Amino acid sequence: MREAGTGTGGAAVAVVMSLLLLLLSRSPPAAAGDGRKSEEGSRAPWPPDSAFSAESRLVSEQFSQAPQKLAFYSWYGSARLFHFRVPPDTVLLRWLLQVTQGSGSTCNNVETTVYFRYGAPPVINPLGTSFANSTSVQPSFLLKMLQGNTSINVSYPAPGDWFVAAHLPPSSHKIEVKDFIPTCAYIFQPDMLVVRVVEMSILEPDVPFPLVLLSQPSYLKVFVPKHTQELRLELQGCVSNGSLGCPVHLTVGSATLPGNFQKVLTCSDPTMACRLLLPSPPWERWLQVTAKSLAGPRVLVTFSAVAALTACRPWTVNLQHPLQSSLNQSRNASMGPPPPSPNTQDLDQSGEAGSGPFCLRSFPVLREDMDVVSVRFRPLDRVSVLVQSDMPSVMQLYLNTGMDSGGSLSISVHINQTVIADNTSMVACVTAGSPFLSFNTSLNCTTAFFQGYPLFLSASSPTANLSIPYPETDNWYLSLQVLCPERPEECVQASVLVDTTLYLVPCLNDCGPYGQCLLLRRHGYLYAGCSCRAGWRGWSCTDNSTAQTVAQQKVATLLLTLSNLMFLAPIAISVQRRLLLEASVYAYTMFFSTFYHACDQPGDAVLCILNYDTLQYCDFLGSGVSIWVTVLCMARLKASLKYVYRCGRRRHCYPPSWQRWVFYLLPGFSLAALALTIYTSMMTSENYYYTHSIWHMLLAGSAAFLLPPRDQHTEPWACAQKLTCHYEICKNHRDELYTVT
C-alpha cells in the first residue's frame with residue numbers, strides 16, 4: 001500500500017512531541033465513538049495521558065493520504081475508502097478527520113458518516129437492506145460528523161491494516177446532467193497519528209519478569225507460537241508500599257474495530273491469585289500486555305509477571321496414505337485415535353518438539369490463486385476430510401497476503417455419507433488467528449480474542465453454508481468435530497467424511513442475475529462490490545423489496561424503445577419538405593436510440609444487436625446531431641438577414657402569419673422547453689423509464705413542429721446543367737447547396 005504521507009517521527013522524542021502538540025493545538029475533542037454527531041468543545045490534549053509525554057521510550061508518527069471527494073451513497077462504490085497501516089508496538093492511535101465543502105448557494109451542511117475497521121474494509125449498510133442467506137456480518141463502528149474537524153482515539157490498537165470509509169447520506173436517485181446544474185463538493189481527509197514504544201520489554205515463557213509501577217504504565221509483549229492451546233498470565237509476589245496487595249490493572253491484547261476483545265484483569269484482593277487464562281490465543285503473533293497501577297500517584301507497586309504456554313500436539317494427516325485407509329484405521333477394534341505419523345509435530349513451552357496427547361488433527365490445505373481476489377482452498381492430495389469425536393479436525397486457510405480482504409470468503413461443509421447416527425451431530429467453527437479447540441466444553445466458537453462463526457450439521461441437515469464479506473487479513477481456520485450429547489460413548493465409533501468447498505471470491509454468487517460485480521481500487525489495494533439493477537438492492541443484490549417484476553421490466557423496455565417511433569413524424573415531414581439531410585439524421589437517431597435502450601435494460605428484457613458501448617455512443621451522437629441540424633435548418637442565415645430587414649421596414653416580426661406562430665413555433669418551443677425541464681430536473685432512477693420515454697416523444701414532436709416550411713416560390717430541386725458524362729449538377733435555390741447525382 002502506497003501511503004500519501006510518511007512517518008514524521010524524529011530522532012529526538014521531545015522535538016517530535018513539541019511539533020505534534022503544535023499541530024494538534026487547534027483540533028476539536030476526541031469523538032465518543034458511539035455513532036453520535038461530534039460537537040465543538042474544549043480541545044483534547046495529545047497525548048491524552050500525561051504519562052505518555054513523560055515516557056522516554058515513546059515516539060510519535062503521523063501518516064496522511066490525499067483527500068477524496070465524497071459522494072451521496074447509493075452502493076458500496078459511493079463510499080470513499082482509505083487504507084492505513086498501524087506500526088507494531090503502538091499504544092495510542094488518533095484519527096484526525098476533516099470535512100470541507102465548497103462555497104455557493106447549493107452547499108448545505110450535510111452529515112458525513114465515517115466507518116472504521118481493522119483488518120479489512122468495513123461492511124456497511126446505510127440503506128438498511130437485507131443480506132443473502134448464510135451471510136454473517138458484524139455491526140459497523142461508525143461516527144457521524146458535520147463540516148469541520150473531529151478526532152477519535154483508540155488505545156492499544158492492533159498493528160496492521162486499518163481502513164476508513166466515508167460517504168454522504170443516501171442519494172435521492174435524481175439523475176442530473178453533469179456540469180449543467182452547479183453542485184457542491186464535499187472533501188474528506190483523514191490523518192493517522194500514532195504513539196508507539198521504541199523498545200518494548202519481552203516476556204519470556206515461564207520466566208518471571210520483575211516490574212515496578214509508580215505512575216507510569218509498563219508495556220510488555222509475549223510471543224505466542226503456533227499450536228499454543230492456552231496462555232496463562234499471572235502476577236506473583238505483588239507488594240504495594242511494603243504490604244500485601246496487588247492494585248494493578250492489566251490489559252492484554254490489542255483493540256480492534258468494530259469488535260474489541262481485549263482482556264482486562266484487575267487485581268485488588270490480596271487473598272486471591274491474580275491470574276488470567278486465555279484459551280486459543282492467536283498463533284505466531286506478539287501479544288501486548290499493559291500494566292497500570294491502581295494505587296496513588298506516589299505508591300510503589302512491585303510484582304513479577306509470568307507467562308505460561310500450554311502446547312497443543314497436532315497430528316498431521318499422512319499424505320502418503322489414501323483417505324480411505326485412515327478411515328479404516330479409525331474403525332478398528334480399538335476405536336482409538338490414529339497412530340502418530342512421521343509428520344507429527346509437538347511444541348512445548350519453549351517452542352521445541354515434545355510429547356503429550358494429541359489435541360487436533362491437521363489437514364494440509366492447498367491455496368490456489370485463480371484471479372484477482374479469487375482463491376480456491378482444497379485439502380492437499382485428497383477430496384474429503386475425516387472428522388471424529390476424539391479431537392477436532394482443522395484446516396488452515398491462508399488469507400494473510402494483504403490483498404485477500406477485499407473479497408468474500410465462501411465456506412460450504414457437507415457430510416457425504418449416511419453412517420452418522422440420528423443423535424449425532426457435527427459442529428464446525430470458523431475463526432481467525434487460531435482454531436477453536438474446546439468443542440467438548442463449549443460451543444460458543446470463541447477464541448481468546450475472536451468471536452467465531454459456528455456451523456451445525458446432522459443427518460437431517462447435512463449441509464451448512466457460510467459467507468463472510470471482507471474477511472480480516474489473517475490465517476483463518478476451519479475446525480470440525482463430531483458430538484454426541486446424549487450418549488457420549490457412541491461417539492467413539494463415530495467417523496464422518498466431510499466435503500468442503502472453500503473459496504475466496506470477489507462477490508458472492510457474482511452478484512446474482514440482477515447485479516454486476518465491479519472491482520474497485522484505492523491506490524494499490526483492490527476490493528469488489530455489487531452494483532444492483534432493476535430495483536434489486538443489498539450487499540449481493542438479493543434484496544427484492546423494491547425489485548421490478550418481469551412484467552414491469554417488459555413494460556419499461558417497450559416504453560423506452562417504442563417511444564422513439566415518434567421520430568417518424570419529423571422524418572415524414574422532412575421527406576415531404578425535401579429536407580433529406582434532416583430526415584437521415586432523425587432516422588439514424590430513432591434506430592440507435594431504440595436498440596440502445598433495448599440493450600440498456602437491467603433485467604430479463606434485453607436485446608443487444610451491437611456492443612453496448614457502440615450503441616451508447618451512437619445514441620448520444622444521434623441525439624446531439626438531431627438537435628443541431630434542426631437549429632441549423634431553422635436558421636437560414638441569408639434568408640434570416642432579409643427577414644430582419646423586412647421586420648424593421650414593416651414594423652412587425654417574422655413570420656407575419658399568426659397561424660405560423662400559434663400552430664408551429666409556439667408548440668415546438670413549448671415541447672422543447674418541457675423536454676429540457678424533464679431531462680434536467682425531474683428524471684430519477686425510479687421514474688427513468690417513464691420520464692425518458694416522454695423525453696423521446698417531446699424531442700421528436702418539437703422537431704416536427706420547428707422544421708421550416710418548403711419555399712413555395714421555387715421548385716425544390718432543379719437541374720441547372722447537364723454534363724456529357726451523364727452526371728448532373730443540381731442546384732437547390734433554397735439553400736444554395738450543390739450535389740452530384
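## A word on exposure

Buried means under 20% relative accessible area, exposed means over 50%, and partly exposed covers what falls in between. With a relative accessibility of 48%, phenylalanine 663 therefore counts as partly exposed. Keep those cut-offs in mind, as they come back throughout this tour of a predicted model.

## A nonpolar patch on the surface

Let us stay with phenylalanine 663, which is found in helix α9. This residue belongs to a nonpolar patch on the surface, formed by Trp658, Trp661, Val662, Phe663, Tyr664, Leu666 and Phe705. Together these residues have about 680 Å² of accessible area. Helix α9, which spans residues 658-682, gives the most to the patch, with six residues.

Follow the chain past this helix and you come to methionine 683, in the loop between α9 and α10 (688-706). Is methionine 683 buried or exposed? Its relative accessibility is 2%, so methionine 683 counts as buried. Tryptophan 695 is twelve residues from methionine 683 in sequence, and the C-alpha atoms of the two are 9.7 Å apart in space.

## Rings that meet

The structure holds 25 aromatic pairs. One of them brings together tyrosine 76 and tryptophan 539, with ring centres 5.2 Å apart. Their planes stand at 75°, so this pair is edge-to-face. Tyrosine 76 sits in the loop between β3 (72-73) and β4 (80-86), while tryptophan 539 sits in the loop between β34 (525-532) and α4 (550-562), so the pair ties together parts that are 463 residues apart in sequence. Both partners are on the buried side of the cut-off: tyrosine 76 has a relative accessibility of 5%, and tryptophan 539 has a relative accessible area of 15%.

Another pair joins tyrosine 588 and phenylalanine 592, where the ring centres are 4.7 Å apart and the planes lie at 50°, so the pair is tilted. Tyrosine 588 counts as partly exposed at 28% relative accessibility, whereas phenylalanine 592 is buried, with a relative accessible area of 13%.

## A cluster, and charges over rings

Lysine 221 lies over the face of tryptophan 286, at 4.7 Å from the ring centre. In a second case, the charged end of arginine 313 sits over the ring of phenylalanine 358, 4.3 Å from the centre of that ring.

## Salt bridges

How many salt bridges are there? The count comes to ten. In one of them, the side chains of glutamate 61 and arginine 196 meet with an N to O distance of 3.4 Å. This pair links distant parts of the chain, with glutamate 61 in strand β1 (residues 58-64) and arginine 196 in strand β10 (residues 186-197), 135 residues apart. Glutamate 61 counts as buried at 15% relative accessibility, but arginine 196 is partly exposed, with a relative accessible area of 23%.

The side chains of glutamate 234 and arginine 275 also meet in a salt bridge, at 3.3 Å from N to O. Glutamate 234 is in strand β14 (residues 228-240) and arginine 275 is in strand β18 (residues 274-279), so this bridge, too, is a link between distant parts of the chain, 41 residues apart. Glutamate 234 is buried, with a relative accessible area of 16%, while arginine 275 counts as partly exposed at 39% relative accessibility. Elsewhere, aspartate 369 forms a salt bridge with arginine 367, and the closest N and O atoms are 2.8 Å apart. Salt bridges that share partners join Arg367, Asp369 and Asp404 into one network.

## Around alanine 295

Our last stop is alanine 295, in the loop between β19 (285-293) and β20 (301-311). Its relative accessibility of 25% makes alanine 295 partly exposed. Which residues does alanine 295 contact, leaving aside its neighbours within four places in sequence? The contacts are with Ser240, Pro247 and Val301. Histidine 249 is 46 residues away from alanine 295 along the chain, and their C-alpha atoms are separated by 9.9 Å.

Definitions and conventions:
Residues numbered from 1 in each chain as written. Predicted model: local features only at pLDDT ≥ 70, side-chain atom pairs only at ≥ 80, totals over all residues. Heavy atoms only, no water. Phe/Tyr/Trp six-rings, centres within 6.5 Å; stacked < 30°, edge-to-face > 60°. Helix = DSSP H or I, 4+ residues; strand = E, 2+ residues; numbered from the N terminus. Buried < 20%, exposed > 50% of the residue type's maximum accessible area, 1.4 Å probe, protein only. Lys NZ or Arg CZ within 6 Å of the ring centre and 35° of its normal. Patch = residues over 30% accessible without salt bridge, like charges linked within 9 Å, V, L, I, M, F, W, Y side chains within 5 Å. Areas by Shrake-Rupley, 256 points an atom, 1.4 Å probe, with all protein chains shown as cover. Salt bridge = Lys/Arg side-chain N within 4 Å of Asp/Glu carboxyl O. Contact = heavy atoms within 4.5 Å.
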